[in-house]
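Have it open beside you as you read the points below.

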Amino acid sequence: MAEDSIYQALEVLRRGGVILYPTDTVWGIGCDATNEQAVARIYDLKQSVNKKSMLVLLDQIDKVSLYIQKVPEVAWQLYEVADKPLTLILPGACAVAPNLIPDEGTLGIRIPDHEFCNKLIHKLNRPLVSTSANISGKPSPMSFSEIAKEIVDGVDLVIDRAWEGRPTGKASSIVKVGVNGEIEIIRP
């Protein structure tokens, strides 16, 4: 039954759909990060055009270089030593939907410690958009029961809560890394 959720999600994502799914932090809204129309649907659903609110999830650290032109050396070190969910905002975004990339050309990337996310991303073989499951400006829901009805109704597939695991219930830390390895802590 549980594996069925992964195949259902793959089918929805491959046809440009949007899913509501659990992560190791909070519930997220996601789509194939290379599909511009699907990304646009998430902006509509969140009632936002803030490109900085969207990041992507990858299943393996070594895939970061597929979506960042030249990964600053310090980024590899930060991913390796992270002991809690960490999103790195990296310069030189490439190979994702253009409407996912803010004007400064960066991309937020996180490697989740979550079975469902990692299995799905591995099978999709593309980055998965992740943004908190809330309307822009509203608090991020800490559990499924706090997700607004318009979000639940607005996606193509809601992943079975059996996959929830033990989320932290709070958003990841965010660190911005500059081209020359400069570090700026955005959210501790």
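**Notes on the sheet, the cores and the pocket**

1. Let me begin inside the sheet: Leu57 has Arg110 of β5 as its bridge partner. The strands concerned, β3 and β5, run parallel and are joined by two bridges. Helices (H or I, at least four residues) and strands (E, at least two) are DSSP runs, numbered from the N terminus, and two strands pair if DSSP finds at least two bridges between them.

2. A word on the basis of these notes. This is a predicted model, in which local features need pLDDT of at least 70 and side-chain atom pairs count only at pLDDT 80 or more, while totals for chains, interfaces and linings use all residues. Residues are numbered from 1 along each chain as its sequence is written, and side-chain values use heavy atoms, with hydrogens and water left out.

3. Stepping back, the open sheet has nine strands with mixed pairing, in the order β7-β1-β2-β6-β3-β5-β4-β8-β9. Its edges are β7 (157-158) and β9 (183-187); each has a single partner strand, so one side of each lacks a neighbour in the sheet.

4. Buried means under 20% relative accessible area (1.4 Å probe, protein chains only), exposed over 50%, and partly exposed in between.

5. β8 and β9 run antiparallel, joined by four bridges, and Lys176 stands opposite Glu184 in β9. Their hairpin has five residues between the strands, and Gly181 in this hairpin takes a positive phi near 90°.

6. Which residues have the most contacts inside the largest nonpolar core? They are Leu20, Ile29, Leu90, Leu100, Leu107 and Ile109, in a core of 40 residues. Two or more residues come from each of α2 (36-46), α3, β4, β5 and β8, and α2 gives the most, with five. Apart from this core lies another of 18 residues, including Ile6, Ile121, Leu124 and Ile159. A nonpolar core is a set of buried Ala, Val, Leu, Ile, Met, Phe, Trp, Tyr and Cys residues joined through side-chain atoms within 4.5 Å.

7. Finally, the largest pocket: 36 residues line it, and Lys52, Ser53, Leu55, Ile174 and Arg187 lie nearest its centre. β5 gives the most to this lining, with four residues. On a 1 Å grid over the protein atoms alone, a pocket is an open set of points where a 1.4 Å probe fits, with protein on both sides within 12 Å along at least five of seven lines; lining residues have an atom within 4 Å of a point.
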